[in-house]
Amino acid sequence: MATPAVHVPRLTSLSPGAGCACKLPLAKLEAVFASMGTIEPASGDLLVGALEGDDAAVLRLDGDRALVLTTDFFTPIVDDPRDWGRIAAANAMSDVYAMGGRPLFAVNLAGWPGEGLPLEMLGAVLRGGAEVAAQAGCLVAGGHTIDDPVPKYGMAVVGMADPERLMTIDRAAPGDRLILTKPLGTGVIATAVKRAAVPGDVLRAAVDSMTLLNAGASEAALEAGVLAATDVTGFGLLGHLHRMMAASGVAAEIDAGRVPLLPGAAELAAEGFVSGGTRANLARMSDDVTVEGAVPPELIVLLHDAQTSGGLLLAAAPAAAGPLLDDLTGRGLPAAVIGQVVRGTPGRIAVRAGGPAG
């Protein structure tokens with residue numbers, strides 16, 4: 001008698017609202033913090049804590065060393081389990097790089113259905129994560145797995161940084177040039193993946209971007225003396241830029257045409273492959289963003305697109321911006337100057353049609 005075929009569902013079909021890293025919308029996150037009551041600011045050896053709203057927590061050990069701690073995990077955004085593991089690991093380590101640190105070691109965090117998905121598939125996810133961690137020189141030391149009807153994977157990561165050279169979100173200054181180190185569009189592409197509508201070359205370009213570590217971008221930024229940085233993830237480019245500008249007490253201008261995009265992203269956005277996270281970003285930022293000139297609607301969507309394992313957003317002094325951009329592109333990164341920091345209402349962003357990236 002023939003053995004019945006075992007049907008294994010697509011990973012993304014098990015991910016409600018697949019299309020981004022499912023970060024809690026900014027408005028809801030703010031409501032959560034408001035419900036917690038008074039949150040004490042960082043003090044003493046705790047250099048960065050919850051109140052600062054930065055990418056990771058930072059604890060000073062001594063004059064030369066500080067620990068950087070972060071965690072991130074999410075439901076599947078691609079169907080290949082190894083690729084999902086690689087993306088999740090790169091994404092989890094990105095916050096360490098955004099603070100100017102280097103990952104030291106990590107533990108896995110996983111939720112996996114006890115029935116319905118083979119454990120071999122979880123093994124492939126973990127192997128993918130371990131591969132990227134090895135590229136970063138980051139040891140993976142175990143972790144924790146729970147039975148969960150919706151698969152989830154990520155890491156808690158500990159890094160090391162120089163406390164005198166931290167990059168934070170609150171030190172952007174008027175005149176700084178804004179540099180983005182990776183193209184946008186992972187959200188619309190992942191949303192289209194869930195509906196089986198993505199050409200193979202488009203998906204591969206997105207996976208290559210999401211699995212690319214931000215190590216080189218972080219190193220270049222530190223060498224250029226950058227003080228203000230963040231990584232672009234679930235709140236989208238404009239959401240993360242807004243948080244940086246609000247924390248720094250300044251505003252920003254963006255040249256939309258200079259923002260790098262992944263191949264196929266604009267076309268998929270125009271076809272309506274927009275995640276719930278991106279729609280929440282559009283609604284949340286409507287009072288803080290003004291659009292000047294003929295910016296295509298799909299480009300507006302992509303500026304709010306909820307990213308997974310996006311690039312670094314750097315605020316560089318004018319004299320440092322040119323050499324920094326040369327360094328980034330010399331490392332093979334598709335970086336671009338996309339705007340500048342200006343005086344104005346803290347957190348406000350003017351999006352202008354601008355010129356083409358290049």
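Leaving aside neighbours within four places in sequence, M93 touches P103, V132, A133, A136, C138, V157 and L213 in this predicted model, where a contact means heavy atoms within 4.5 Å. In soluble globular proteins, nonpolar side chains tend to be buried together.

Next comes helix α10. Helices here are DSSP runs of H or I with at least four residues, strands are runs of E with at least two, and both are numbered from the N terminus. Most of α10 is covered, as 6 of its 8 residues are buried; buried means under 20% relative accessible area, exposed over 50%, and partly exposed in between (1.4 Å probe, protein chains only). The buried ones are L299, I300, V301, L302, L303 and H304. They pack against α4 (186-194), α7 (236-248), α8 (265-270), α9 (276-284), β10 (289-292) and β13 (349-352).

What about the loop between α10 (297-304) and β11 (312-316)? That is the place of S309. S309 is not a glycine, yet has a positive phi of about 50°. S309 is also buried, with a relative accessible area of 2%. Its side chain reaches the backbone oxygen of M210 at 2.6 Å. Contacts of S309, apart from neighbours within four places in sequence, are I87, A90, N91, K182, S209, M210 and T233.

As for confidence, the chain has a mean pLDDT of 90, and 87% of its residues reach 70 or more; pLDDT is the predictor's confidence in each residue, from 0 to 100. Where pLDDT is low, the predicted coordinates should not be read in detail.

Residues are numbered from 1 along each chain as its sequence is written, and side-chain values use heavy atoms, leaving out hydrogens and water. As the model is predicted, local features need pLDDT of at least 70 and side-chain atom pairs count only at pLDDT 80 or more, while totals for chains, interfaces and linings use all residues.

Methods
A polar contact is a pair of N or O atoms within 3.5 Å; within protein, one must be able to donate a hydrogen and the other to accept it, and residues adjacent in sequence count only if both atoms are side-chain atoms.
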